[in-house]
Amino acid sequence: MNDVQLIEEKIFQYLSDAEKESLAEQITQIKNDYATYFVRNFSSIGRKLSLSTKAQLVTIDLGANSKLIVTNWSLTKLIRVLFILHISEEEEQKYIAFINKLFEFADVDELEALYASLNILPNPRHWVARCEEGIRSNIGSVQSAVMLHNKFPFEQLSESSWNQMVLKSFFTDKDTLAIYGLMERVNPSLSAAIVDYIYERDSAKRNINPMLWVLASGALPARAQHILMGRYSDGLDLQDKYKMLYALAAVTEKTGKDFYAQEVEKIGKIPTLDKIVNR
C-alpha cells in the first residue's frame, strides 16, 4: 500500500458515512479537474466535517522511506495534504504557479497543511524559499509545521538556514527533539552559535535547555564547561543530566574531565546518544 492509500484508509476510519461520501466526491473532483475544484474543496473541508471528527488527532506509520511524517496531525490537515497528493499536473511551471497561489491566499490552517506538504511537492529546490519563509513566520503553528516532523528542512536547507531554524526552535520554545535529522546535521557553526546562546542565557540568569549542551558537545570552551557544572544540580531530572554529561564526555579541560568522572561514578554509565535524544 502506498502513502496515498494508507492516508485515505486512515482518514476514512474517522468519518461518518455521510462524511465518507462527501470526501470521496471531493477527491474525485480534484483528480479529474483540480483547477476547478481544488481551492473550493481545500478551503471548505473544515465546514464539511462534524466538530467531533475535526477534533481527532491522527498519527500514521508510513515507514522510514516516506516523504511524510504524520504525527498528531488534525484530520483536516491530513485531508488537505491528501488533496495535494491528488493533484495531477504534468506541466511543472503551471503546478508551481498553482501551489504558490495557494500559499499566498491561505489562512493559518491551510498554511499548516501546505508547509507540512513541502517534501511531497515536485522540484524540491524551488520550495526552499517557502520553507525559510515559514521558519520566519510569527505564527507558532505554522513554524511547527515547517520545523517539526518534517523531512524537508533536513533534506533541502543550506547549513546556514538549517542552523537558524534549530536556533529559532529554542528561541520559540519548540520541541527541538521533533526536528527530523537534528543530530545528523550538527555542525561546527551550529555548535559555536549555541555556545554563544548559552552565554546569553546564563548572563540573563535564564534556564538553559539541556539539549543545547548536547548540540554543543565537543565544542565547549572552559567558560561553557563551568556554566554547565554550575547548572548541573538545578533540579534537573536524570535524563537531562545525561544530556549534560554527554556534552562533557569529550572535553579536555581538567576541571570538566574530573567533574564528568565524578558524576558518572555516582549515576553509572551514560546511555548512548540515541537513547539520550529519543524519548
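Which element gives the most to the lining of the second largest pocket? Point 4 returns to this.

1. Basis. This is a predicted model, in which local features need pLDDT of at least 70 and side-chain atom pairs count only at pLDDT 80 or more, while totals for chains, interfaces and linings use all residues. Residues are numbered from 1 along each chain as its sequence is written, and side-chain values use heavy atoms, with hydrogens and water left out.

2. Overall make-up. The protein has 16 helices and two strands; these are DSSP runs numbered from the N terminus, with helices (H or I) of at least four residues and strands (E) of at least two. Along the principal axes, the C-alpha atoms fill a box of roughly 70 × 35 × 35 Å. Of the 279 residues, 46% count as buried, where buried means under 20% relative accessible area, exposed over 50% and partly exposed in between (1.4 Å probe, protein chains only). The accessible surface comes to about 14,000 Å², and carbon and sulfur atoms hold 48% of that; the areas come from the Shrake-Rupley method with a 1.4 Å probe. Among contacts (heavy atoms within 4.5 Å) with a separation of 6 or more, 66% are between residues 24 or more positions apart.

3. Largest pocket. Its volume is about 440 Å³. A pocket here is an open set of points on a 1 Å grid over the protein atoms alone, where a 1.4 Å probe fits, with protein on both sides within 12 Å along at least five of seven lines; lining residues have an atom within 4 Å of a point. The volume is the space filled by probe spheres set on the points, which are joined across faces, edges and corners. The lining has 15 residues, and Leu177, Ile179, Gly181, Val277 and Asn278 lie nearest the centre. By class, the lining holds nine nonpolar, three polar and three charged residues. Nonpolar covers Ala, Val, Leu, Ile, Met, Phe, Trp, Tyr, Cys and Pro, charged covers Asp, Glu, Lys and Arg, and the others, Gly among them, are polar.

4. Second largest pocket. This one has a volume of about 300 Å³. It is lined by 16 residues, with Thr71, Asn72, Trp73, Lys77 and His149 closest to its centre. Two or more lining residues come from each of strand E2 (70–74), helix H6 (108–116) and helix H8 (140–147). E2 gives the most, with four residues. The lining divides into six nonpolar, seven polar and three charged residues.

5. Positive phi values. His149, in the loop between H8 and helix H9 (151–156), has a positive phi of about 50 degrees although it is not a glycine. At 28% relative accessibility, His149 is partly exposed. Asp173 also has a positive phi, near 60 degrees, and is placed in the loop between helix H10 (159–171) and helix H11 (188–203). With a relative accessible area of 72%, Asp173 is exposed.

6. Helix H5. Residues 92–105 form this helix of 14 residues, which reaches 20 Å from first C-alpha to last, close to the 20 Å expected at 1.5 Å a residue. Its buried residues are Tyr95, Ile96, Phe98, Ile99, Asn100, Leu102 and Phe103. Their cover includes helix H2 (17–48), helix H4 (75–85), H6 and helix H7 (128–136).

7. Gln26. This residue lies in helix H2 and is buried, at 4% relative accessible area. Leaving aside residues up to four places away in sequence, Gln26 touches Asn41, Ser44, Ile45, Lys48 and Phe83.

Conventions
Expected span 1.5 Å × (residues − 1).
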